[in-house]
Amino acid sequence: VALILFSSLTETIGPTFQSHLVDLQPILLKCLQDESSTRVRVAALKAVGAFIEFINDGADVVKLFRDFIPSILNVSRQCLANGEEDVASIAFEIFDELIESPAPLLGDSVRSIVQFSLDVCSSQALDLNIRHQAIQIISWLAKFKSSFLKKHKLVVPILQVMCPLLTETASGDGGDEESDLAADRAAAEVIDTMAINIPRHVFGPVLEFASLSFRNVNPKYREASVTALGVVSEGCYELMKDKLEDVLFIVLGALKDQEQMVRGAASFALGQFAEHLQPEILSHYKSVLPCILDALEDPSDEVKEKSYYALAAFCEDMGEDIFPYIDPLMGRLVTCLQGSPRNLQETCMSAIGSVAAAAEQAFIPYAEKVLEMMKSFMVLTNDEDLRARARATELVGIVAMAVGRTRMEPILPPFIEAALSGFALDFSELREYTHGFFSNIAEILDDGFTQYLPHVVPLVFSSCNLDDGSAVDIDDSDSVDNGFGGVSSDDDDTNDEPRVRNISVRTGVLDEKAAATQAIGLFAFHTKNAFAPYLEESLKILVRHSGYFHEDVRLQAIIALKHILTAIRAIPDNMENSAHGIAAGAAAALVRRIATAASSAAAGAGEDVSEKQKEVLDSVLNIYIKTMTEDDDKEVVAQACMSVADIVKDSGYAAIEPYMPRLVEATLTLLHEESSCQQLESDYDAEDGDVDHDEVLMDAVSDLLPAFAKVMGSNFNALFVKLFDPLMRFAKAARPPQDRTMVVACLAEVAQEMGAPISAYIDRIMPLVLKELGSSDATNRRNAAFCAGEICKNGSTAALKYYGDVLRALYPLFGESEPDDAVKDNAAGAVARMIMVQPQSIPLNQVLPVFLKALPLKEDHEESMTVYSCISNLLLSSNPQILPLVPDVVHIFAQVVVSPVECDEVKSKIGMAVSHLVSVYGQQMQPILGALPPAHANALAAFASKR
């Protein structure tokens with residue numbers, strides 16, 4: 001009773017007890033060890049659990065609390081041995097609290113907690129619920145304390161238990177609840193979480209398990225081998241790309257296994273690879289696509305369904321490579337649509353959508369038949385058919401994107417009508433896909449979509465304003481079963497609700513809101529000033545959704561806000577048209593202001609709209625700045641950074657100047673890795689050399705600096721002084737190669753935009769660039785070459801002392817040993833910049849023959865103007881070192897002017913140089929020009945004559 005009273009009192013006077021922990025601890029410890037009474041042990045466990053949230057991070061207090069853990073583990077083991085699983089369940093709730101406590105309560109006890117959890121989850125004699133709780137503890141550790149798992153060398157022991165658990169499938173007769181608790185599903189979640197958070201420590205053991213298991217006589221182990229590879233492909237994508245041959249050997253072999261379960265898992269894995277291993281996976285299409293095509297003929301509908309999923313994921317980004325396969329693919333897919341069960345028809349429609357997205361105009365011969373078939377799906381009204389109707393609606397939008405406005409606009413009305421009628425059926429997934437359909441239609445019709453706005457915008461608003469009724473994992477310390485409770489996320493008054501611990505569920509309404517939020521942005525972007533009547537309400541929704549509980553909706557709101565800004569900037573154009581007709585029935589304050597402006601004097605009108613633009617810009621940038629430092633999702637923060645970079649470049653410095661101090665502070669917070677989304681772990685800091693490149697977030701953050709430099713020019717230096725050192729932290733030798741090349745690329749673009757002030761940083765930058773020129777990674781060499789050129793170009797005399805080192809480091813990039821054309825192109829660009837700014841400092845007689853041998857450029861044509869201008873300028877100035885090489889130069893120029901990928905500006909520059917050569921050295925030029933193929937000579941003559 002005393003312990004129960006203590007637990008209850010902690011709810012109201014918990015902090016008061018903290019000063020008495022020294023006295024309370026031995027009492028609680030003794031009660032935990034009371035073998036005479038289960039009730040006392042249970043009450044002691046609850047009392048300890050109730051006290052956790054009031055523990056601060058004082059060293060003495062933390063040590064006292066850590067001393068509880070061995071006793072908690074002992075009690076739990078005894079209770080499990082006696083069949084008292086409900087008591088052990090309380091222990092797992094305490095461990096859950098320990099993991100999430102802001103105080104560092106785990107310490108070295110994480111080893112024993114993990115071992116206990118692994119013992120429980122691998123014991124098939126125990127109930128599914130307690131085993132699932134044990135797996136959840138491992139999952140939380142992987143998500144929130146992954147560095148602890150590395151520090152205590154627990155990754156391999158965990159994977160040695162989790163991978164075999166993939167073989168333990170649910171019996172299938174326990175319903176959805178048992179399926180949700182199944183060991184294989186929970187283990188897959190743990191492996192996935194670990195792969196995302198600590199990929200370099202996970203991939204090796206998983207690949208080893210797969211390599212050993214894929215030949216196992218037990219088909220469940222063969223299934224687990226490919227399932228494990230599919231599960232880790234998202235988190236371990238960089239590592240898996242390097243081992244793609246080995247991985248595909250296992251998975252493509254499994255696709256031909258005699259057991260259905262293995263073939264199904266292989267299809268799933270291929271779909272995951274297609275989704276996460278882009279673009280490298282596409283280079284294997286000749287071996288992968290035929291295997292998927294064969295799997296579409298599998299006798300098992302389950303394997304077929306997963307194969308359609310794999311096909312859909314694989315084809316979407318194939319581009320022209322899909323052309324030879326379109327006919328056989330569409331033959332099978334259309335046949336499937338005509339006579340398969342609904343679930344197969346649904347995945348088949350997804351696959352057709354991917355083929356259409358990849359094929360684009362090449363899909364036109366198949367579009368009419370597919371669209372005709374979709375008509376019958378888009379009028380289905382039975383509940384069991386609505387998912388197929390949703391897929392059909394989505395597919396029509398994708399086909400429309402592929403074939404374009406000219407072919408689709410005349411035949412759209414019946415599809416629009418069918419799509420609109422679907423909103424009467426009260427099926428969230430159908431509404432979600434229909435919002436996506438209208439987003440695609442807006443994209444192909446552009447301003448032609450204006451006529452549909454009065455019909456579709458109210459539907460989008462309705463979806464955005466739905467109540468979620470979403471399930472979230474909540475903290476309920478009185479509950480033994482770690483269950484879920486219902487919470488409406490649209491209710492702002494959450495003071496009396498339990499603490500939301502972790503959003504862990506997706507609902508149809510959530511996906512619908514995300515699609516509707518995306519639609520708002522795309523409608524605004526494509527209809528511009530015609531969207532004016534809806535801007536006020538749209539802004540309210542997007543501001544609200546930018547702080548929504550789920551990151552998918554926040555992400556779409558962050559994207560859409562930028563589109564709203566684009567739309568409102570278009571309002572001064574055709575303002576009179578915007579104010580009449582379209583505004584009817586939408587008497588928002590914004591429209592009234594715009595209408596007033598349209599009928600008043602031009603100056604007054606512009607002023608009114610301009611003020612509204614400033615208001616919207618202010619709202620949008622304030623949200624973005626807040627998101628950058630306070631949002632806890634990296635993808636959302638990255639999108640805010642990208643949007644800021646775009647807005648800065650589009651708006652110009654005058655509009656952005658008031659926000660620059662806060663933008664720089666937010667950027668500094670991100671570079672110091674101190675924003676909310678970078679603070680998942682507080683107990684243990686990762687050491688240098690044990691860090692993975694944060695591609696999602698940091699690449700977007702590093703794009704901010706060049707954007708600032710672009711609008712500020714040399715004035716950016718005053719801010720760059722603060723940003724330089726935090727940026728250079730990512731260039732340390734211990735950081736991953738992707739971090740270093742991110743820094744190098746950023747510095748190159750800053751130098752390009754800021755100009756001369758970069759000279760002050762050259763002695764810090766050049767050693768990094770020279771080292772990166774010798775990197776084993778092609779991307780690193782490419783960016784380093786570009787950076788070397790920009791630093792030399794803009795660094796003035798401060799860069800001269802490095803010219804010899806730069807030329808020596810660039811030289812290998814021109815040779816046969818350099819396999820990457822883009823690297824060679826950027827090396828050529830670097831040499832061209834150096835020649836143009838300091839020709840007297842370059843040994844042209846040695847450099848030019850090597851330089852010209854690498855031309856014409858083969859991949860990175862952004863370097864074309866720099867490279868060919870350099871050569872043209874040498875010719876126009878009759879530089880004596882270039883003249884003996886004129887035959888080579890003319891041969892290069894001739895290839896450039898017939899190239900379809902080079903722009904006319906470059907070709908005109910070449911034409912001027914050739915015209916100059918002919919006028920000065922006419923007689924000597926004749927045999928050189930005469931040696932060219934006729935088509936090349938004619939093209940060169942045509943551009944030379946345009947001078």
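The following exercises, each with a worked solution, concern a predicted model.

**Exercise 1.** Determine in which helix Ser117 lies, whether Ser117 is buried or exposed, and which residues distant in sequence are in contact with Ser117.

*Solution.* Begin with the secondary structure, where Ser117 is found in helix 7, the run of residues 110-121. Next take the relative accessibility, which is 0% for Ser117; since buried means under 20%, Ser117 therefore counts as buried. Finally, once the neighbours within four places in sequence are set aside, the contacts of Ser117 are Phe92, Ala134, Ile137 and Ile138.

**Exercise 2.** Work out how helix 19 and helix 20 are oriented towards each other, and which residues bring them into contact.

*Solution.* The axes of helix 19 (residues 301-315) and helix 20 (residues 326-339) come within 13 Å and cross at roughly 140 degrees. The crossing of helix 19 with helix 20 is left-handed. On the helix 19 side the contact involves Tyr308, Leu311 and Cys315, which meet Leu329, Arg332, Leu333 and Cys336 of helix 20. Sorted by class, this contact comprises six nonpolar residues, one charged residue and no polar ones.

**Exercise 3.** Describe the secondary structure and the end separation of the spans 247-285 and 288-323.

*Solution.* Residues 247-285 are 67% helix and 0% strand, with their end C-alpha atoms 14 Å apart. For residues 288-323, the corresponding values are 64% helix and 0% strand, and the end C-alpha atoms lie 15 Å apart.

Terms used. Residues numbered from 1 in each chain as written. Predicted model: local features only at pLDDT ≥ 70, side-chain atom pairs only at ≥ 80, totals over all residues. Heavy atoms only, no water. Helix = DSSP H or I, 4+ residues; strand = E, 2+ residues; numbered from the N terminus. Buried < 20%, exposed > 50% of the residue type's maximum accessible area, 1.4 Å probe, protein only. Contact = heavy atoms within 4.5 Å. Axes fitted to C-alpha atoms, helices over the stretch in contact; angles between N-to-C directions. Left-handed = near helix turned anticlockwise from the far one by under 90°. Nonpolar A, V, L, I, M, F, W, Y, C, P; charged D, E, K, R; others polar.
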